[in-house]
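Subject: A structure for you to look at

Hi,

Here is the structure I promised to pass on. Have a look at it first, and then read on for what turned up.

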Amino acid sequence: MKAVGMEPQVLIDILVGAKIGVVYPCATDHRGDLVVTSYALKQAGLPSSMAGAVVQLEDVEETAPGNFVWKFNPDVTLIRPFKVHGTMKLFDVDDDLIHAEPTNWFNVEKENEGHAKIADWMDSYVAAHPDIERIPRAEIPEEIAALAISFDEWREAYFNFLFKPLKAQKQELRTKRYDVDPL
């Protein structure tokens, strides 16, 4: 799949849904799926050399000589982070490295929807089994288990790409929330 690099904070802005365009010094004829990645800039608390999401490149508009705005669809498919050496020009990444997450854990609204779905199922299960201490893995529907496993595993993978993680990031991202075993 085609990919492009950008500053780490710009990648974060795309992941949370706050940015749908990036200025580059070149145009491209490519449209469609595009992996967005962060450069190897060393900024405390931000990802470095990381592939973060798949977006849809919808248009490229020249706004001034040598300035092209690459416009993305606001729907972002979060992927399990993996190492890249991104540039400001299109490059290829192996499709086998791209694993979409079931929700965008970086977008607060989408994350809350995912947690609510898990919590609703857990609440109904616990209500039906009030004396249970731990929900047996075999009882958890695969959709709910995949969502919970994704949350913990994505956070662990993301943490590995942070340059000098902040104290709050260390506490938050190293703590498992669901601790669901795969089948």
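How are helix 2 and helix 3 oriented to each other? A word of caution before the answer: this is a predicted model. The two helices, helix 2 and helix 3, pack at an angle of about 130°, and their axes are 10 Å apart. Angles over 145 degrees would count as roughly antiparallel and 65 to 115 as roughly perpendicular, so helix 2 and helix 3 are oblique to each other. The crossing in which helix 2 passes helix 3 is left-handed.

If you zoom in on this pair, you will find Glu111, Gly114, His115, Lys117, Ile118 and Trp121 on the helix 2 side, meeting Glu143, Ile144, Leu147, Ala148 and Phe151 of helix 3. By type, the residues of this contact are six nonpolar, two polar and three charged.

Now to the nonpolar cores. The largest one has 44 residues, and the members touching the most others are Met6, Ile14, Leu15, Val36, Trp70, Phe72 and Tyr158. Helix 3 contributes the most, nine residues.

Beyond its neighbours within four places in sequence, Phe72 is in contact with residues including Ile14, Ile20, Val22, Leu34, Val36, Val55 and Leu57.

There is also a second, separate core of 10 residues, with Ile79, Phe82, Val84 and Ile98 among them.

Enjoy exploring!

Best wishes

Terms used:
Residues numbered from 1 in each chain as written. Predicted model: local features only at pLDDT ≥ 70, side-chain atom pairs only at ≥ 80, totals over all residues. Heavy atoms only, no water. Core = buried A, V, L, I, M, F, W, Y, C linked by side-chain atoms within 4.5 Å. Buried < 20%, exposed > 50% of the residue type's maximum accessible area, 1.4 Å probe, protein only. Helix = DSSP H or I, 4+ residues; strand = E, 2+ residues; numbered from the N terminus. Contact = heavy atoms within 4.5 Å. Axes fitted to C-alpha atoms, helices over the stretch in contact; angles between N-to-C directions. Parallel < 35°, antiparallel > 145°, perpendicular 65-115°, else oblique. Left-handed = near helix turned anticlockwise from the far one by under 90°. Nonpolar A, V, L, I, M, F, W, Y, C, P; charged D, E, K, R; others polar.
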